[in-house]
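Let's take a look at how two chains meet. Have the sequence and the 3D view open as you read.

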Amino acid sequence: MKKSLVALALTGAVFSAYAQSSVVIYGTLDDGIIKRTGTTVQEGKRDNNKLGFKGVEDLGSGLKALFQLEIRFEPDTGTIESVTRPLFQGQSRVGLQGSFGTLRLGRGLTAFQESITAFEPWSGMPTPAGFQTDLQVAGYVSTFGSGSDPLGPTGNSGNRFANSAFYNSPVLGNIFQINTTVGTKENDGSTVALIGRGTAAAPQFPAGAMGSVVPYSVSVTADNGPAAMMLAYERNEVDTKFWSVAASFKPLNELKLMASYQQQDQTETVLTNPKTKAWLIGVNYSIGVGKILAGYGQKRPDNDFDNPALVKTKQTSLGYEYNLSPRTYLYLEGTNKRMATTLNYYAMGIHHNF
Amino acid sequence: MKKSLVALALTGAVFSAYAQSSVVIYGTLDDGIIKRTGTTVQEGKRDNNKLGFKGVEDLGSGLKALFQLEIRFEPDTGTIESVTRPLFQGQSRVGLQGSFGTLRLGRGLTAFQESITAFEPWSGMPTPAGFQTDLQVAGYVSTFGSGSDPLGPTGNSGNRFANSAFYNSPVLGNIFQINTTVGTKENDGSTVALIGRGTAAAPQFPAGAMGSVVPYSVSVTADNGPAAMMLAYERNEVDTKFWSVAASFKPLNELKLMASYQQQDQTETVLTNPKTKAWLIGVNYSIGVGKILAGYGQKRPDNDFDNPALVKTKQTSLGYEYNLSPRTYLYLEGTNKRMATTLNYYAMGIHHNF
Amino acid sequence: MKKSLVALALTGAVFSAYAQSSVVIYGTLDDGIIKRTGTTVQEGKRDNNKLGFKGVEDLGSGLKALFQLEIRFEPDTGTIESVTRPLFQGQSRVGLQGSFGTLRLGRGLTAFQESITAFEPWSGMPTPAGFQTDLQVAGYVSTFGSGSDPLGPTGNSGNRFANSAFYNSPVLGNIFQINTTVGTKENDGSTVALIGRGTAAAPQFPAGAMGSVVPYSVSVTADNGPAAMMLAYERNEVDTKFWSVAASFKPLNELKLMASYQQQDQTETVLTNPKTKAWLIGVNYSIGVGKILAGYGQKRPDNDFDNPALVKTKQTSLGYEYNLSPRTYLYLEGTNKRMATTLNYYAMGIHHNF
């Protein structure tokens with residue numbers, strides 16, 4: 001029976017006209033029991049929880065098309081991440097990969113944010129025991145007006161650029177790689193004014209305002225096997241600047257030492273004490289089926305390190321992962337974080353990749 | 001070509017580092033035509049509509065890791081369930097299974113709510129023809145201040161615990177199983193005050209308040225083949241209590257008889273007539289490729305069964321399912337539900353599992 | 001070990017009781033760089049971005065059950081389409097297919113909207129360079145009170161019926177096909193009043209109002225290979241009427257010529273100039289691995305074509321697609337759209353199906 005117009009449309013809607021691509025479904029579920037200073041026992045995550053879809057198409061001649069869509073969610077309540085974040089909070093990107101490197105469009109971690117997690121003992125996990133969200137970015141993601149996406153919807157992750165192009169070079173000389181993210185000045189959905197150096201009546205960035213500069217992020221990484229380094233610089237759409245230098249060293253296969261130093265500069269939106277500095281050191285040590293994670297770091301919310309009125313943050317963390325398989329482990333961790341007040345945090349739970 | 005830091009991160013983002021797990025995609029689409037007293041003809045569901053992702057990882061030595069994520073949606077409009085419920089309304093759980101039983105963390109049906117559906121002629125489907133949502137839980141899920149999650153967001157399902165641990169024992173003595181759900185006192189997202197025994201000015205549970213007790217749910221089931229029984233007890237985070245006893249018997253392979261009795265106690269939040277009692281009887285009869293469903297039940301919104309001011313609910317339902325395959329059937333059903341007013345409800349549609 | 005009640009329920013939740021169906025995951029990612037009159041450079045889509053799940057079950061005797069669920073999203077920000085549309089904005093439908101044709105229930109493109117895209121040079125893509133959203137439907141989807149779903153939530157797509165039955169006939173006489181969509185009078189979620197021929201105090205359709213008529217949509221298509229035709233008529237739930245006639249011809253395999261004429265009639269809700277007429281011509285020409293798209297069309301927002309106060313829309317578009325594979329292409333396109341003001345629009349990007 002011959003198929004006519006809508007018959008074709010309909011069949012096309014049920015059977016793909018092109019060869020079925022092999023979409024990979026992947027994800028992480030991480031949930032545990034938490035006790036932190038001042039609250040009762042809670043349940044919640046240590047790592048980001050995700051359900052993703054990705055695929056690679058071989059276009060011939062070494063060229064590939066690739067896409068990735070990653071849902072983020074809260075395991076303890078079943079909502080999307082933070083209830084209000086985008087459905088594909090993890091990332092939504094599409095692009096090409098070839099001898100020139102990888103070029104993608106969409107929304108995802110910036111070049112800096114994607115590179116830095118290799119130099120943090122918790123691999124960038126958002127648990128309060130980890131250092132990435134606060135210390136390793138010198139407060140960059142947590143202060144309004146800073147972060148990678150200050151003109152995005154309130155509560156959105158501050159580690160990502162929307163409306164951007166993402167480029168990763170091939171590995172050069174067997175050691176170096178250059179990563180770049182460039183965005184547009186588009187307002188990414190903010191409905192709140194950023195007062196900045198303006199006033200409540202005349203905010204520096206009214207609700208819905210465009211960025212003042214084109215945001216970009218660059219990281220250069222070097223890796224010769226036991227030793228690795230990273231240099232990164234990022235400026236966001238309201239001209240907050242951030243730079244970081246980080247290194248890691250593996251004296252033994254089981255032992256990884258890490259250190260980083262970083263500085264944030266909010267001169268364009270903050271009048272007093274616009275600079276923040278932070279450093280941290282960390283270690284990962286594999287022992288049998290387990291892994292020990294430990295770290296210490298400080299953050300100073302000013303460039304005046306001798307001003308006693310400005311409170312320094314001092315964080316000490318210790319964790320243990322017990323591997324049930326390469327995909328699944330149990331964990332136990334604790335943190336002491338001294339700021340104006342002190343936060344103690346303990347968690348145990350399960351982490352499962354699929 | 002050697003891969004450097006972000007190269008690895010990038011490749012890892014496209015090709016999983018671990019062996020690809022076999023994620024199972026499953027779901028249900030159920031949609032039909034509905035006529036109920038006082039409205040025009042509508043289109044809508046009889047059963048929950050779902051799209052789920054689940055997997056099991058063999059950890060060796062009889063131990064398994066398992067996860068399940070279940071999207072719920074409205075088939076007639078394409079929105080998530082009730083427009084506002086969590087993305088993974090069905091469940092989001094991760095855990096371990098072994099000789100000790102099954103232990104999971106996250107959000108899902110409580111032990112009681114998961115056990116009771118085996119004793120209801122509509123298998124717990126949310127259609128008005130079914131008895132679970134109202135009679136089989138003695139109104140427990142439909143009154144604010146009761147239900148499994150009274151401090152969850154308004155409109156959320158009242159059959160689930162968030163922030164909980166779920167334990168199912170192995171089958172003991174070839175007959176018995178014990179199921180337990182224990183939650184935390186966390187507020188699960190409620191932004192509305194529960195006045196309870198307080199006043200509008202000083203509600204018993206202000207918006208965002210924590211629970212007064214640790215919520216838990218227990219069910220014990222017994223099944224020797226033709227006969228099965230359940231005893232269940234649940235108390236929620238505002239100390240509403242619920243218990244139920246249920247039984248089923250299969251005199252023939254094609255015939256299943258069911259009965260249950262249940263009682264809700266809202267003494268801690270309601271001043272007058274805090275107790276509700278309900279009972280129901282039901283039958284499933286398979287005949288050829290069809291199945292007949294029938295049931296009758298009553299609910300009394302008080303412990304004073306002789307108080308004529310309190311209106312009894314009396315529900316009679318009849319349904320028929322015509323199987324096109326083990327995964328797909330057509331259905332036809334009707335209900336007469338007498339309360340202060342009378343609801344007549346008729347529906348026909350298609351139910352498809354994938 | 002024998003499995004008891006919840007054990008069965010639990011296992012059933014992890015391993016489907018029925019044979020695993022083969023769910024097909026499919027989708028489109030389309031993202032590019034855009035410049036339009038009056039704005040800075042932006043990033044965004046040319047086509048709808050989708051992630052879908054569909055399946056077909058063979059029921060024997062030529063009968064099939066089929067379902068389709070299609071998520072729509074914004075690639076540049078990762079949110080669901082337009083931030084607020086239903087999760088399964090693309091469609092959520094379930095039904096049966098056999099020698100009688102295809103009958104589905106749920107929400108999806110109307111018979112007219114599903115048929116017309118074959119007669120538009122951009123295949124109905126929502127880019128401003130395409131003609132479907134505005135000219136090919138004579139403004140039908142873009143004016144409040146018109147569109148296929150005027151009583152749906154504000155911002156919802158105007159190309160779809162919710163709460164509907166969708167019927168496609170088999171191909172008759174090797175040439176003809178009849179497609180019909182019939183909805184209910186249900187309010188599909190509108191929370192805004194449609195003043196129409198009423199007043200602000202007494203709107204014709206208050207918030208939450210039901211439709212005044214049963215909405216339906218019919219298209220008849222004919223296709224003998226090189227030549228194809230379509231006749232379509234649709235009326236929505238507030239009795240706005242729309243009809244269209246369209247044709248295409250392929251003098252060569254590489255060349256497709258298209259034309260359509262359409263008229264909208266809002267007499268039931270608009271007092272002055274309730275009729276809108278539009279026409280367009282278009283061409284697709286394949287050359288090597290490329291494809292040229294071009295079109296020109298006009299829309300007149302009145303039945304009085306000589307009234308100089310009513311501004312005519314005149315749109316000219318040109319595009320080029322460079323195929324990297326049958327699933328992936330790069331594109332470049334431009335539009336000049338003269339209305340009261342003039343819009344120039346340029347875009348380049350990547351389109352990837354999976």
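Which residue of chain B forms a salt bridge with Glu57(C)? The partner is Arg327(B), with the closest N and O atoms 3.9 Å apart. Keep in mind that this is a predicted model, and that the pair sits within the 4 Å cut-off for a salt bridge.

**Who touches whom**
- On the chain B side, 58 residues are in contact with 45 residues of chain C.
- Glu43(B), Arg327(B) and Phe354(B) supply 14% of the area that chain B buries against chain C, more than any other three residues.

**How much gets buried**
- The size of an interface is often given as the accessible area lost when the parts come together.
- For chain B and chain C, that buried area is about 4200 Å², and carbon and sulfur atoms give 67% of it.

**Polar links and make-up**
- Between chain B and chain C, the count is one salt bridge, and nine residue pairs are in polar contact.
- Strand β1 of chain B (residues 24–36) gives the most to the side that touches chain C, with eight residues.
- That side of chain B divides into 27 nonpolar, 22 polar and nine charged residues.

**How the copies are related**
- The copies use different surfaces, as 7% of the contact residues of chain B recur in chain C.

Definitions and conventions
Residues numbered from 1 in each chain as written. Chains lettered and ligands numbered in written order. Predicted model: local features only at pLDDT ≥ 70, side-chain atom pairs only at ≥ 80, totals over all residues. Heavy atoms only, no water. Contact = heavy atoms within 4.5 Å. Buried area = accessible area lost by both parts, 1.4 Å probe. Salt bridge = Lys/Arg side-chain N within 4 Å of Asp/Glu carboxyl O. Polar contact = N/O pair within 3.5 Å; in protein donor to acceptor, adjacent residues only side chain to side chain. Helix = DSSP H or I, 4+ residues; strand = E, 2+ residues; numbered from the N terminus. Nonpolar A, V, L, I, M, F, W, Y, C, P; charged D, E, K, R; others polar.
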